[in-house]
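User: Hi! I have a protein model open and I would like to learn how to read it. Could you walk me through it, one feature at a time?

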Amino acid sequence: MQIGKALDEEGISKSEMARRMHTSRPALDRLLDSRNTSVTLHTLQRAAAAIGKRLRLELVGAHDSSTKRARL
C-alpha cells in the first residue's frame with residue numbers, strides 16, 4: 001500500500017501518523033491492513049494529507065492488463 005510505503009520512506013512512525021490524522025494507532029493499523037475493504041475515502045484523504053499528499057482515484061479496466069486508465 002502506498003501509505004505504508006510513504007511512512008517508511010519519510011521515516012514517520014505509526015504513532016506519529018496516527019497523531020497527524022487525529023486518530024488511534026488501532027485505527028491506523030486497520031487502514032494499513034490490505035485485507036480491510038471498509039476504508040472510507042475520507043480516511044484515505046486524511047491519511048494522504050497527513051503525509052503531504054493528495055488523494056487521486058482512478059478507474060481501471062477489470063480485465064485490461066495494459067496501462068490505459070480512465071481518470072476521474
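Analyst: Happy to! Let's begin with contacts along the chain. Among contacts between residues at least 6 apart in sequence, 36% join residues at least 24 apart. Keep in mind that this is a predicted model.

User: How many of the residues count as buried?

Analyst: Of the 72 residues in the protein chain, 19% count as buried. The word has a cut-off: buried means under 20% relative accessible area, exposed means over 50%, and partly exposed is in between.

User: Which residues have the most contacts inside the largest nonpolar core?

Analyst: For a core, ask how many residues it has and which elements supply them. The largest nonpolar core here has 13 residues, and Met17, Met21 and Leu28 have the most contacts inside it. Helix 1, helix 2, helix 3 and helix 4 each give two or more residues to this core. Leaving aside residues up to four places away in sequence, Met21 touches Leu28, Leu31, Thr43, Arg46, Ala47 and Ala50.

User: Now the salt bridges. How many does a search of the whole structure find?

Analyst: The search finds 7 salt bridges. For each one, look at the distance, the spacing in sequence and the exposure of both partners. Take Lys5 and Glu9, whose closest N and O atoms are 4.0 Å apart. These two residues are 4 apart in helix 1, so about one helical turn separates them. Lys5 is exposed, with a relative accessible area of 53%, and Glu9 is exposed too, at 57%.

User: What is the N to O distance between Arg19 and Glu16?

Analyst: Their side chains meet in a salt bridge at 2.6 Å, N to O. Arg19 and Glu16 are 3 residues apart in helix 2, which spans residues 14–21, so about one helical turn lies between them. Their exposure classes need the cut-offs again. Arg19 counts as exposed because its relative accessible area is 52% and exposed means over 50%. Glu16, with a relative accessible area of 23%, is partly exposed.

User: What is the volume of the largest pocket, and which residues are closest to its centre?

Analyst: The largest pocket has a volume of about 720 Å³. It is lined by 22 residues, and the closest to its centre are Gln2, Ile3, Arg54, Leu55 and Arg56. Helix 1 (2–10) and helix 4 (41–50) each supply at least two lining residues. The largest share, 6 residues, comes from helix 1. Sorted by class, the lining has 11 nonpolar, 3 polar and 8 charged residues.

User: Where is Leu55 placed?

Analyst: Leu55 sits in the loop between helix 4 and strand 1 (58–59). At 42% relative accessibility, Leu55 is partly exposed. Now compare sequence with space: Leu55 and Gln45 are 10 residues apart in sequence and 5.6 Å apart in space, C-alpha to C-alpha. Not counting residues up to four places away in sequence, Leu55 touches Leu41, Leu44, Gln45 and Ala48.

User: Last one: what is the phi of His22?

Analyst: Here is the general idea. Most residues other than glycine have a negative phi. His22 has a positive phi of about 60° although it is not a glycine. You can find His22 in the loop between helix 2 and helix 3, and at 73% relative accessibility His22 counts as exposed.

Note on methods: Residues numbered from 1 in each chain as written. Predicted model: local features only at pLDDT ≥ 70, side-chain atom pairs only at ≥ 80, totals over all residues. Heavy atoms only, no water. 1 Å grid on protein atoms, 1.4 Å probe; cavity = no way out; pocket = protein on both sides within 12 Å on 5 of 7 lines; lining within 4 Å. Points joined across faces, edges and corners; volume = space filled by probe spheres on them. Nonpolar A, V, L, I, M, F, W, Y, C, P; charged D, E, K, R; others polar. Buried < 20%, exposed > 50% of the residue type's maximum accessible area, 1.4 Å probe, protein only. Contact = heavy atoms within 4.5 Å. Core = buried A, V, L, I, M, F, W, Y, C linked by side-chain atoms within 4.5 Å.
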